[in-house]
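Please read the following report alongside the sequence and the model.

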Amino acid sequence: MDLNYSQEESAFRDEVRGWLKANLPQDLRDKVVNYGELTRDDLLRWHKILAKKGWVAPAWPKEWGGTGWNVVQRYIFEEECGFAGTPPIVSFGMHMCGPVLLRFGTEAQKKRFLPRMYNGEDFWCQGYSEPGSGSDLASLKTKAERASDKSGDHYVVNGQKIWTTLGHYADWIFCLVRTDSTLAKRQEGISFLLIDMRTPGITVRPLVLMDGGHEVNEVFFDNVKVPVENLVHEEGKGWTVAKYLLGHERMNTGRIGASKRELAKLKDFAARQPGDDGLPLIEDARFRDRLTRVEVELMALEITNLRFLDQMRRSGQPPGADVSMLKIKGTEIQQGLTELSMQAVGPLAQPFRATGTDLEDGAFDRFTAGLAPRYCNYRKTTIYAGSNEIQRNIISKMTLGL
Amino acid sequence: MNFDYNEEQQLLADSVRRFLAKNYGFEARKKIVASKQGWSAEVWTQLAEMGLTGLPFSTDYGGFGGGAVDLMGVMEAAGDALLVEPYLPTLMGGLLVARAGGDAQKKALLPAVVEGRLKLAFAHSEKGARYNLARVGASARRSTGGAGSAWEITGEKLVVLGAEAADRIVVSANTDKGLSLFLVSRESLRVRPYVTLDEQRAGDVGFAKAQGELLGAEGGALPVIEEVMDFATALVCAEAVGAMKFACDTTLEYLKTRKQFGVPIGTFQALQHRMVDMYVAHEQARSMACLACSKVDSNSGAGDRARAVSAAKIKIADNARLISQESVQLHGGMGMTEELKVSHSFRRLTMIAQQFGDADHHLARFAALDK
């Protein structure tokens, strides 16, 4: 047993860290660490910097721009990005639609979409959830019917998607739609479609969250014409694609790098912030115990994550349902940190500055005014990407056999 | 990076597991626990023959020169079987001799420990000291008129694990120069023996001018005590992982077989989610046991070691509580009875949560180390 990274891995970490230090624009970093709202331009600027370096799609095959890194290197890269405070790589293209096209797409689809995705020319979003289909995704109703006219064969899509993250930035959306509603088994008759967001009949309506920020949307489809060549895999086999996508998890589901950065920041802050007795808050036993419990939880999660990586590296197999554990624990830790950070500043957490408002507004402290909205915003983490209850269902069924 | 046991460690863990499965089933253990002595000399001999009593000691004394990681698989198996033999106290005594003792003392004692001929215990904790390792009231002074090497020790020690079984006891006491360690033969101490909640044997030990031999340097014992306590804490973390694994497995089995309302109770989501939380808690505990044992074996310094061990003990204490309580709850009334092993793993996990410092103690220690 050896919990240490090898010399080569440590050297790789140094290389990534050094490169990030030199190439992460300061204004982007500031926005990330101060919980500012990242614009489409911000996200794409960082995406293009990484693409130019050749690091934007580490897990893709080399012929499509992958780096050839092993799972440990990919994890180190993501951890360092989180720790440095880079904008996120928008997952919907690079980590979701991209892998789906690589696995199920035709050559023509790959050539058409992957290079533009890689270079940040198309911004992607995801159309899965519907108002009546959250955790029960297979109940989705958005309908796609085959038709043809003089412009060729196409689907006509009608329905509504919800929780479409960054849909207002997107050029393209990948959607699960129902192409056959006569089948007894709900999972059959679902198809995976790629839809140009500029197609007539699509309306995007913002859903402002309780932190005042705009990141999710409702997307309405009213007789939207989608060419049949935008169908991925076979018609009616969309559920297979959806399951593949869920199984194609990222290395850093637990977001350990970002949580380490938040923890360090919180400790630093609590060492300077006075408690009720005038001594540094970090010396307050009640506060300190809660802080340490989150820190210990993060240590345990990091090692658990490394154990899975070690297994994956040697077996060559994806980690399976245990990734759900990383999601549960990682999000609990993120929420624990946002809650403690908000509490650490005491009464100063009360002034409300909506996420996305100007950081330079002199009326607010740059740091403290972002904490309460962030606490509110991070309640999403245990709900999105398969709620933590759904993650428990997955472990219960797949790992424990219940 | 590598989280597997090496081939030797795996073979050893497997053979211990096989031995315990065959000879230390729940019924066999019941008889041992109910016996007058409270542990089995036969089992002890077997453990020694498998090399377990020699694992962490230098090859100079016939040992294997191993560390905490080498013991992890063994401790997990011990936790699974709820072993009650005085293995841990003997290792602790031996480690104190190995770390603090002079050549002659090591030569005199360690080969016998390795061969299973000598059992040891460590008498340290006192009334009012709680988990503070530095708070010792026992005192020692040089015997008057003796040859100069003998000491007289006076004091009271509480909950000395394996006290009655031990042939020699390592005792901590203060001299003019500070905290020191002494070797005392069991006969010169008064032992008031009892059974602990987790069915092990311990005792309160009293001594008045007991004759002892100084172990190591006079006055310099605290760092050695801390080191050996951290070693032992890492070992009980690994033992806890074994007991947790048992508790999780047996509860999962129960959920699949116990029927109510005409269906296995494991079909109820309320119970499934609780079972998942137990499973996750066990995995997180395992990760921290790996960290603690690895840091105990590394030479990255006492602070680094203490930090990892305290972090691990916090997690193990919290998760031992969660898993033990939930394993009983999910078994319903049957989980309360002595008849099921799960009530015994409950008792052991409850004690491990407090052994060598509870979560609060280690939270405070972790915070102090962070400064």
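The report takes these topics in turn, after a note on conventions.

This is a predicted model, in which local features need pLDDT of at least 70 and side-chain atom pairs count only at pLDDT 80 or more, while totals for chains, interfaces and linings use all residues. Residues are numbered from 1 along each chain as its sequence is written, and chains are lettered from A and ligands numbered from 1 in the order in which they are written.

In chain B, the axes of helix α8 (residues 269-297) and helix α9 (residues 302-331) come within 8 Å and cross at roughly 155°, and α8(B) and α9(B) are therefore roughly antiparallel to each other (angles over 145 degrees count as such). Helices here are DSSP runs of H or I with at least four residues, and strands are runs of E with at least two.

Between the chains, the contact takes 28 residues from chain A and 28 residues from chain B, two residues being in contact if their C-beta atoms, placed from the backbone, lie within 7 Å. On the side of chain A that touches chain B, α9(A) gives the largest share, 12 residues.

Leu166(A) is buried, with 20 other C-beta atoms within 10 Å, and Phe356(B) counts as buried with 21 C-beta neighbours inside 10 Å; the term requires 20 or more other C-beta atoms within 10 Å of the residue's own.

Definitions and conventions
Axes are lines fitted to C-alpha atoms, for helices over the stretch in contact, and angles run from 0 to 180 degrees between N-to-C directions. Angles under 35 degrees count as roughly parallel, over 145 as roughly antiparallel, 65 to 115 as roughly perpendicular and the rest as oblique. A residue is buried if 20 or more other C-beta atoms lie within 10 Å of its own, exposed if 12 or fewer, and partly exposed in between; C-beta atoms are placed from the backbone.
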